[in-house]
Amino acid sequence: MTATAITVEGYTDTPPKPGTTPGTARFTLIHFPATPDRAAPEAPEALLECSTTHPGLTHFLLNQVQPGDLLHVTGTLTRPPDDTGLARLQVETLNVRDVAPPVLDPLAVERSGSYFYVLDARSHQVPVFTHAGKWIGQANTPDAVGHLTGTLTTRPRHD
């Protein structure tokens, strides 16, 4: 199995979790290409299964990082053990480039590339903003979000 040193930026997909051994952490990173594919602009270039054994990074990941944070990581990339697995990245350094907005119940803030949209269980209206907070508009339904930016695809709504 070959290993390669890389530096990559991506968004955390789920909250980091303790690893399989004490003092370790694991998380999934969604990496988007610098130049999106026009046919599927929101399709991730790669999903990386990340882990660290560094005590400081483990503590930081488990206590400070939340889904949707933009991370800049360096580490050693190895191929998945089989064709169905994700590439694995052993993280050696980590910097937070941007934090996701806080989630306010019953609202869910979703990030798609450089856009945020708010899903509200009490309404079908979906406000859309850029990562910098610039108002894009409001879709009438979650399925109509892509029409505001021309690039977004929505995730299924969970009521």
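Is D120 buried or exposed?

## The setting of D120

In this predicted model, D120 has a relative accessible area of 15%. Residues under 20% count as buried, and D120 is therefore buried. The residue is found in strand β8, which covers residues 115-120. Between D120 and A108 there are 12 residues in sequence, while their C-alpha atoms lie 6.5 Å apart in space.

## Nonpolar cores

The largest nonpolar core comprises 14 residues. Within this core, F27, L29, V73, V91 and L94 have the most contacts. Two or more residues are supplied to the core by each of the following elements: strands β3 (25-31), β4 (46-52), β5 (70-78) and β6 (87-98), together with helix α1 (55-64).

The contacts of L94 can be listed individually. Leaving aside residues up to four places away in sequence, L94 touches F27, L57, F60, L61, L71, H72 and V73.

## Confidence of the prediction

For the protein, the mean pLDDT is 80, and 81% of the residues reach 70 or more. Among the elements, strand β2 (residues 17-18) has the highest confidence, at 96. Helix α2 (residues 146-149) has the lowest, with a mean of 74.

Over residues 152-159, pLDDT stays under 50. For this stretch the model has 24 contacts beyond four places in sequence.

Key:
Residues numbered from 1 in each chain as written. Predicted model: local features only at pLDDT ≥ 70, side-chain atom pairs only at ≥ 80, totals over all residues. Heavy atoms only, no water. pLDDT = per-residue confidence, 0-100. Helix = DSSP H or I, 4+ residues; strand = E, 2+ residues; numbered from the N terminus. Contact = heavy atoms within 4.5 Å. Buried < 20%, exposed > 50% of the residue type's maximum accessible area, 1.4 Å probe, protein only. Core = buried A, V, L, I, M, F, W, Y, C linked by side-chain atoms within 4.5 Å.
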